[in-house]
Amino acid sequence: MARHLSARPAWPEGYQSAVALAFDLDGPTGDAMLNKSLKDNMRYFTEGSYGPFRALPRLLDLLKKYQLSATFFIPTWVLEHWPERCERIIEDGHEVAYHGHRHEVFINCNSEQQLEIMEHSKAIFKQRLGVQPVGFRTPSGDWNSDTAKLLFEFGVQYSSSMRGDDRPYFHLNEGKVGLVEIPGRWDIDDYSALALFELPSFPSGGDRISPYQQVASNWCHEFEGYHQQGLCWTTILHPKVSAKPGRLKILDTLFKQIRSHDDVWVSHCSQIAKWWRSNYDN
Ligand SMILES: [Zn+2]
């Protein structure tokens with residue numbers, strides 16, 4: 001079925017909209033860790049390790065309370081260091097997907113380097129969790145001109161890395177449909193409302209934390225907007241940022257709002273991508 005540009009997507013079983021809750025379990029990986037030994041930056045390390053070690057179990061409990069299933073994008077360095085924590089993600093029925101090994105910035109990697117990261121991650125997912133992911137979210141939000149093609153040829157089925165729509169779409173691969181994209185938004189990234197940056201201050205101008213009730217309200221409004229228009233909403237949330245004790249109420253409010261509708265298809269990114277590939281050709 002061709003997708004008319006202004007059309008509402010059709011979702012399975014008459015659902016009105018789709019929600020792919022997604023969390024990036026970055027832990028201490030990221031720019032500050034890429035070229036350094038972990039021991040060089042213990043303060044940063046402990047800030048990040050709070051995510052898989054402490055915040056993740058709390059988030060999994062909350063997801064269970066609302067019977068919500070999510071997708072976790074995991075740098076495999078985190079999986080290697082907190083394997084038991086990550087095992088519970090699988091045990092609870094969630095999806096895991098690629099997010100680099102040490103959260104490498106793919107736009108700075110050539111084809112060989114990108115492929116090496118993917119091969120390395122694939123082996124670790126198989127060894128530690130016995131799974132082969134089919135999804136990818138680019139670390140740090142950008143990728144190279146060859147990344148979509150490289151991922152598709154590697155066997156990845158979907159990405160949740162880009163913007164540009166509020167419905168899934170395809171990346172073209174030599175004129176044919178390639179990866180399904182499930183686009184997100186920076187302002188539905190918890191960093192934009194809840195992260196404290198000191199060194200460097202980002203964005204320049206200083207640190208800021210938004211009032212929690214306002215954040216909950218914003219996210220609920222965004223979800224409601226997508227739902228009313230029959231679209232596909234995904235999140236870019238990080239356990240180390242939004243699954244802290246006082247912030248859990250924000251997630252609780254959001255999850256309750258999603259569950260207040262019985263016509264929302266809450267599913268893994270992989271299922272939404274599969275639906276899109278089976279029902280659309282553009
Ligand atoms: Zn990340």
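Residues are numbered from 1 along each chain as its sequence is written. The model is predicted, so local features need pLDDT of at least 70 and side-chain atom pairs count only at pLDDT 80 or more, whereas totals for chains, interfaces and linings use all residues. Helices (H or I, at least four residues) and strands (E, at least two) are DSSP runs, numbered from the N terminus.

Two packed helices are described by the angle between their axes and the distance between the axes. Axes are lines fitted to C-alpha atoms, for helices over the stretch in contact, and angles run from 0 to 180 degrees between N-to-C directions. Helix H5 (residues 111-129) packs on helix H6 (residues 147-154) at an angle of about 40°, and the axes are 11 Å apart. H5 is therefore oblique to H6. Angles under 35 degrees count as roughly parallel, over 145 as roughly antiparallel, 65 to 115 as roughly perpendicular and the rest as oblique. The crossing of H5 and H6 is right-handed (near helix turned clockwise from the far one by less than a right angle; anticlockwise is left-handed). H5 contributes Ser 111, Gln 114, Leu 115 and Met 118 to the contact, and H6 contributes Thr 147, Leu 150 and Phe 154. Contact requires C-beta atoms, placed from the backbone, within 7 Å. By class, the contact of H5 with H6 has four nonpolar, three polar and no charged residues. Ala, Val, Leu, Ile, Met, Phe, Trp, Tyr, Cys and Pro count as nonpolar, Asp, Glu, Lys and Arg as charged, and the others, Gly among them, as polar.

A second pair is formed by helix H8 (residues 212-228) and helix H10 (residues 248-259), whose axes come within 9 Å and cross at roughly 25°. H8 is therefore roughly parallel to H10. This crossing of H8 and H10 is right-handed. Among the contact residues are Trp 219 and Phe 223 of H8 and Ile 250 and Leu 254 of H10. The contact of H8 with H10 divides into nine nonpolar, two polar and one charged.

Burial was assigned from C-beta counts: a residue is buried if 20 or more other C-beta atoms, placed from the backbone, lie within 10 Å of its own, exposed if 12 or fewer, and partly exposed in between. In helix H4 (residues 83-91), Arg 85, Cys 86 and Ile 89 are buried. They fall within an arc of 95° seen down the axis, so they line one face of H4. The arc is that of the directions from the helix axis to the C-beta atoms. Glu 84, Arg 88 and Glu 91 are exposed on the other side of H4. The buried residues of H4 pack against several elements, including helix H2 (42-65), strand E3 (71-74) and H5. Gly 93 follows H4 and has a positive phi, near 90°.

H6 buries Thr 147, Ala 148, Leu 151 and Phe 152. Their arc covers only 130° around the axis, which puts them on the same side of H6. Their cover includes H5 and strand E7 (169-173). Just after H6, Gly 155 takes a positive phi of about 110°.

Ser 121 lies in H5. Ser 121 is buried, with 22 other C-beta atoms within 10 Å. Beyond four places in sequence, Ser 121 touches Thr 76, Tyr 98 and His 101. Cys 269 lies in helix H11 (residues 269-279). Cys 269 is buried, with 29 other C-beta atoms within 10 Å. Cys 269 and Phe 72 are 197 residues apart in sequence but 9.6 Å apart in space, C-alpha to C-alpha.

How values were computed
Two residues are in contact if their C-beta atoms, placed from the backbone, lie within 7 Å.
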